[in-house]
Amino acid sequence: MASTHRRRPLAVALSALALSLPIAAPPAAAAPAEHTGHPGVVGERPVAWTPHVLDGRVTSIAKVGGTVYVGGSFQRVASPDRTTTYRRSNLFAFEHGTGRVLDFSPDPDATVASVVPAGEAGDGVYVGGAFTRMGARPVRGAALVGPDGRVDRGFDARITGGSVYRLARHGDDLYAGGSFSSAGGGGERGLARLDARTGDADGGFSIAIGRERRGTLRVQDLALSPDGGRLVIAGTFMEVEGERRPQIAVVDTGASPARLSPWSTEAYAAECDYSRMHTYMRQIDFAPDGSYFAVVTAGGPQIKPGLCKTVARWESTDRPGARPTWTNHTGGDSLYAVEATGAAVYAGGHQRWMDNRHGEHDAGPGAVEREGIAAVDPATGRALAWNPGRSRGHGVEAFLATEDGLYVGSDTTRLGERDRARLGMFPLG
């Protein structure tokens with residue numbers, strides 16, 4: 001077994017933590033579906049009723065009413081008992097609670113990277129990705145798809161010069177981040193706010209990213225606070241609106257017009273990856289009450305100083321020179337997905353350990369084994385006892401917390417000691 005660090009007495013440690021944390025914002029009145037909170041940690045044994053994705057990988061999951069929509073890069077799915085196989089290119093839907101695969105087949109011709117609810121039950125979903133067609137219909141990068149699988153012709157995002165990596169919606173506003181040169185007939189490179197009904201760019205939203213660290217400018221991921229007032233963006237940029245913002249920035253979307261927040265950090269400025277990786281930022285997620293957000297990162301093969309291959313908590317403040325409240329290191333393995341539920345911060349990738357600040361592709365002092373998936377205490381940043389395990393593969397790329405559990409999307413077939421191909425759900429107890 002790995003040795004452990006000498007620790008301060010618990011009361012002292014908790015007192016220090018309490019002094020370091022800002023007073024939490026009051027809970028939001030009603031968090032949107034994509035910010036579902038949980039009273040506790042989910043179970044370690046996945047349900048048996050989810051369908052199987054038989055090839056490729058799952059990159060995004062959304063739930064609208066009783067329907068679950070799954071996006072990624074795949075061609076075939078199967079019923080929960082594997083007796084029936086369906087052709088479904090890169091996007092499909094099934095019934096929550098039974099796993100019944102629905103007659104929903106928009107057939108995008110390339111990867112779907114992001115799926116978000118378009119509203120309540122019966123409203124369908126927005127999808128973003130690298131596609132240029134939906135079936136026979138030309139549509140690039142973003143589309144509104146109804147529950148019948150038909151593309152809504154009234155929505156036209158007019159993505160040019162690239163693709164969409166992430167979407168987020170609040171009311172009539174749809175935020176898009178990616179590598180595109182424009183969206184909705186306007187917007188800045190890589191970032192736009194669109195009219196959720198028409199796809200037209202909001203002319204009053206203009207936030208310019210600049211000075212790429214490597215490769216081309218793009219927004220790799222974005223996350224919107226539950227009240228819609230803060231947008232966190234991460235990507236290949238080193239500046240936003242001419243101000244230094246190494247790979248991450250916060251936009252005050254509650255202001256009119258939206259403006260860059262004073263929040264900044266140098267924590268992600270370190271060159272701890274390698275030259276072929278344009279950015280090591282991966283996913284961001286807000287807590288259900290909006291008081292903090294969590295960030296996960298990938299990284300290069302070597303262990304270097306910096307926040308590569310970590311999950312970190314950041315308070316929702318406007319403070320320049322911010323530092324993470326806590327950071328949990330894997331010791332050499334990338335993380336790709338994060339979901340904050342209030343009870344836990346779930347981190348997924350192809351990690352072997354957590355609590356591994358001193359590991360170098362091995363278990364350093366204090367490390368705990370966590371095969372491909374973990375839950376971290378939101379207050380302390382230490383790994384919780386939850387440890388279902390999964391086949392590591394490339395890694396988990398999608399989480400979705402629902403009112404009764406946690407969906408997980410990946411590229412492998414073993415989840416919590418069960419055969420759940422690329423898609424599974426851990427229920428609340």
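A residue is called buried when its relative accessible area is under 20%, exposed when it is over 50%, and partly exposed in between, using a 1.4 Å probe and protein chains only. Helices (H or I, at least four residues) and strands (E, at least two) are DSSP runs, numbered from the N terminus. The model examined here is predicted, so local features need pLDDT of at least 70 and side-chain atom pairs count only at pLDDT 80 or more, while totals for chains, interfaces and linings use all residues. Residues are numbered from 1 along each chain as its sequence is written, and side-chain values use heavy atoms, with hydrogens and water left out.

The protein holds one helix and 35 strands. Its radius of gyration, taken over C-alpha atoms, is 20 Å, close to the 22 Å from the globule rule (2.2 Å times the number of residues to the power 0.38) for 429 residues, so the protein is as compact as a globular protein of that length. The C-alpha trace spans about 60 × 55 × 45 Å along its principal axes. Of the 429 residues, 57% count as buried. A contact means heavy atoms within 4.5 Å. Among the contacts with a separation of 6 or more, 53% come from residues 24 or more positions apart.

Two strands are said to pair if DSSP finds at least two bridges between them. Strand 8 pairs with strand 7 (residues 112-117) in the antiparallel sense over five bridges, and V125 is the bridge partner of P117. Strand 8 also pairs with strand 11 (residues 142-145), again in the antiparallel sense, over four bridges. There, V127 has A143 as its bridge partner.

Strand 16 (residues 219-224) is also mostly covered, as six of its six residues are buried. Its antiparallel pairing with strand 17 (residues 230-235) runs over five bridges, and L222 stands opposite I233. The hairpin made by these two strands has five residues between the strands, and G228 in this hairpin takes a positive phi near 75°.

Strand 31 is joined to strand 32 (residues 405-409) by five bridges, and A398 has G409 as its bridge partner.

A disulfide is counted when a pair of cysteine sulfur atoms lies within 2.5 Å, and by this rule there is one disulfide. Such a link is a covalent bond between the sulfur atoms of two cysteines. Here C272 is joined to C308, with an S to S distance of 2.1 Å. The torsion about their S-S bond is about 95°, so the disulfide is right-handed. The pair links distant parts of the chain, 36 residues apart: C272 lies in the loop between strand 21 (259-260) and strand 22 (281-286), and C308 in the loop between strand 23 (292-297) and strand 24 (310-315). C272 is buried at a relative accessible area of 1%, and C308 is buried at 9%.

The loop between strand 21 and strand 22 also holds T279, which counts as buried at 1% relative accessibility. The side chains of T279 and Q247 are joined by a polar contact of 2.6 Å. A polar contact is a pair of N or O atoms within 3.5 Å; within protein, one must be able to donate a hydrogen and the other to accept it, and residues adjacent in sequence count only if both atoms are side-chain atoms. Leaving out residues up to four places away in sequence, T279 touches R213, R218, Q220, G235, T236, Q247 and D273.
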